[in-house]
Amino acid sequence: MEQPVIMKKGIDRYPPGSYCQVLVLAYPIVLTMLSQTLMWLADTMMVGRIGVAQLGAVGIGGMMTWTFFAFFNGLMSSTNTFVAQDYGAKQYGDIGKMVWHFIYIAAASYVVLLILAFASDHLLKLISLSAETAEYSSAYMRIRLYSGIGVFVSFTLAGFFRGIGNTITPMWIAIISNILNVVANYLLIFGKLGLPRLEVTGAALATAISSMLSAVLYLIVYLSEKYNKPYFTRAFYRLEIAQIRRIFRVGLPMGIQFFLDTASFTVFLAFIADMGKKMGSEVPLAASNAAMTLMSTTFMPLIGASIATTTLVGQFIGAKQLEHARKSGYTAIKLGCFYAMLVVVNYFVFPRQLISLISKDPEVINLGARILMLAGIFLISDGFGICSNGALRGAGDTRFIMIIGLSYAWFLFLPLAYFLGYTLKGGVIGAWIGATIYIIIYGITVFLRFHGGKWESIKI
């Protein structure tokens, strides 16, 4: 196909790799992530008002759901890398073909997900949950898994828009769908406006409806004439094995890494749930869920900066401007560290006040505040680690990330959490100390990989 001409605009107006360029690209992603996490926070706060068991159930159910989603979402998120490099190389006509191959994979992945969903109840039985918590978790998971196609399509098309440097469209779609989610949560959880009071089931339904709306909005914009003309988004593309191989070569390690990372935290939460069951209390799981929800809220701007870095590094590599790719990575890392330091102050000064936003239970507040202070210890490392990770993904250096993610999560994090929590009888705090050590070491390792520069010679 003839390559269309794309006019310079947006981030191209700023010096390559500058703070302005990173921030202009990152701030809509940050707002997107913030709207997502505020939705999760509102969801958790509403469920937390129902009871401790329900709060713990949504936490473990949500983590289990994302464990199922993680592999496919990791695979689909590599859309950003391919689109960004094609965009930087001015191969605009190839972008539509690549994105449609990702959509084909998304559809096939959903079929696999539905098959895996039948195993969800059996997996929950492996976790030491109370009968009440297990029942709530099962209901929550089933509904979330059935809406997986919306999540997969949204991940894929968000990667397309971000890869071409358009972070505004995903922002508005996220804000619209998340507003719907919060309203639907309120109506369905508490049974307002004549609707039935569905509690945990209502929370799952609201999120499922929001996910499907997001996918529909993405498809409408993606297929519009504005994007069809330069990128041929409406063209019919036959399935090409060569394209699938390229996607799996880069995306498969990302999918495995996403899955193993999420699965490791699911096992970690299973440790916490087991500790609580032995104590005859739902507090450990509820407190950990509350703390992790707040961490997600504050970490998401870092994820936004990481995604912006993936785009910039990918575009500059495609344009064969390695010095600008390197500079973009370091700029994002500096911004990530600065932001993390601001958050750390709040974690240490206001931990109880932050946890009390989610739960009013005094025991949950006391334990959750201690966990949040531990998060303050590892947050700086997470700041430069997450941004370094984004830079490596933009270069296609996903195999290294997978190997490190696998080895550190399963041979350092979980054994250390078990040893400190069970063997040394450190309990919940001991297990979270293990998580703290793991995150610090992981962040340092990923930064050193970026600093070493081996990613500069990778071809996708």
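Asp86 is found in helix H3, which covers residues 79-88; helices are DSSP runs of H or I of at least four residues and strands are runs of E of at least two, both numbered from the N terminus. The model is predicted, so local features need pLDDT of at least 70 and side-chain atom pairs count only at pLDDT 80 or more, while totals for chains, interfaces and linings use all residues. Residues are numbered from 1 along each chain as its sequence is written, and side-chain values use heavy atoms, with hydrogens and water left out.

Asp86 is buried but has no salt bridge. Here, buried means under 20% relative accessible area, exposed means over 50%, and partly exposed lies in between (1.4 Å probe, protein chains only). A salt bridge is a side-chain nitrogen of Lys or Arg within 4 Å of a carboxyl oxygen of Asp or Glu. The nearest side chain of opposite charge to Asp86 is that of Arg246, 5.0 Å away. Leaving aside residues up to four places away in sequence, Asp86 touches Gln91, Tyr92, Asp94 and Ile95, a contact being heavy atoms within 4.5 Å.

Side chains of opposite charge can pair when their charged atoms come close. By the rule given above, the count comes to six salt bridges. One of them joins Lys97 and Glu240, with the closest N and O atoms 3.5 Å apart. This pair links distant parts of the chain, 143 residues apart: Lys97 is in helix H4 (residues 95-117), and Glu240 is in the loop between helix H10 (225-231) and helix H11 (241-279). Lys97 is partly exposed, at 23% relative accessible area, and Glu240 is also partly exposed, at 30%.

Asp397 and Arg449 form another salt bridge, at 2.9 Å from N to O. Asp397 lies in the loop between helix H15 (362-395) and helix H16 (398-423) and Arg449 in helix H17 (residues 427-452), so the pair ties together parts that are 52 residues apart in sequence. Both Asp397 and Arg449 are buried. A salt bridge also joins the side chains of Arg197 and Glu199, with an N to O distance of 3.0 Å; Arg197 is partly exposed, at 49% relative accessibility.

Most residues other than glycine have a negative phi. Lys90, which is not a glycine, has a positive phi of about 60°. Lys90 lies in the loop between H3 and H4 and is exposed, at 52% relative accessibility. Phe232 likewise has a positive phi, near 55°, and is placed in the loop between H10 and H11.

For the protein as a whole, the secondary structure comes to 17 helices and zero strands. The radius of gyration is 21 Å, close to the 23 Å that the globule rule gives for 460 residues, so the protein is as compact as a globular protein of that length; the radius is taken over C-alpha atoms, and the rule is 2.2 Å times the number of residues to the power 0.38. The C-alpha trace spans about 65 × 50 × 35 Å along its principal axes. Of the 460 residues, 60% count as buried. Among contacts between residues at least 6 apart in sequence, 83% join residues at least 24 apart.

Definitions and conventions:
Lys, Arg positive; Asp, Glu negative; His and termini not counted.
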